[in-house]
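Below are my notes on the model, as numbered points.

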Amino acid sequence: MVANLAKIMYFWLSEFIWRGFSLGSRQNAETSHALFRDRALRTMELKLRSDLHLARKFWHVLGIVCMAALIDHIPKMDSLFYLSLGAIIVIPFDILRLKRSDLNHRIVQFFRTIIRIEEVGTLSGTSFLIVGTFVVVLLFPKNIAILSILLLAFGDPASSIFGVLYGKDKIWGRKSLQGAMACFTVCTIVCAAYFLTHNVMVERIVLVSILGGVIGALSELVQIRKFDDNMTFPIFAAFGLWFLFTLFGGFP
């Protein structure tokens, strides 16, 4: 029953996501952003993407680690079911707040310690995170899905922190060499810890950990218009990790 329900939710969710993202970003983003940006900056002291914003980063790490732990301890179809359920609750609500200025203001005020000013008029990072996690759990083996979101959990904040503090050498857009190197270092450590604790490719632990760090850093550098890196990072990382596991015998 759970398997059939998860399949039904998958087909419904795949159509809804694209329509919802288009609606939230195209029809409502500019209007909502214009209405609330100045007011929010004055009254709520919201952070910009260029700010350090440690509270958001702590929330980011804690939330994704808890998500990875849950996925690791339940069957794949159950994970897809709960992720679908989360998407059904979060994404429509996210779109609704963009259409209703009063609701948007209340939500932004309530989450002002972790929300960015850029999210006032667009879908939140949580919506993109749920979609990205759903995709990697659906398409890849559990160990790759978990490792890809763990790289997001630790690599993305590391890149942001070092990019804000020391990011003088821009690669493209807002991405910096210093942020990329921090992401590479942290992702290498995360891969090494994961491989050791799960007894995966330990005979080549140095090489595969470094390559995992490269995959994490490259995934963090990817920028696709209108798509948050909470979605793109784990998807690109999962593809890279799949090739890594295939090449070096990481599968049982």
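1. A nonpolar core here is a set of buried Ala, Val, Leu, Ile, Met, Phe, Trp, Tyr and Cys residues joined through side-chain atoms within 4.5 Å. Buried means under 20% relative accessible area, exposed over 50%, and partly exposed in between (1.4 Å probe, protein chains only). The model is predicted: local features need pLDDT of at least 70 and side-chain atom pairs count only at pLDDT 80 or more, while totals for chains, interfaces and linings use all residues. Residues are numbered from 1 along each chain as its sequence is written, and side-chain values use heavy atoms, with hydrogens and water left out.

2. The largest nonpolar core has 48 residues, of which Val136, Leu147, Leu151 and Phe195 touch the most other members. Two or more residues of this core come from each of H3 (54-73), H4 (76-99), H6 (125-139), H7, H8, H9 and H10. Helices (H or I, at least four residues) and strands (E, at least two) are DSSP runs, numbered from the N terminus. A second, separate core of 5 residues includes Leu46, Val108, Ile115 and Ile117.

3. Beyond its neighbours within four places in sequence, Leu151 has contacts (heavy atoms within 4.5 Å) that include Cys187, Val190, Gly212, Gly216 and Phe233.

4. Helix H9 (205-221) has 17 residues. Its buried residues include Ile205, Val208, Gly212, Gly216 and Leu221. Among the elements covering the buried residues of H9 are helices H7 (142-166), H8 (177-197) and H10 (229-248), and strand S1 (170-172).

5. Leu218 also lies in H9, but counts as exposed because its relative accessibility is 54%.

How values were computed: Expected span 1.5 Å × (residues − 1).
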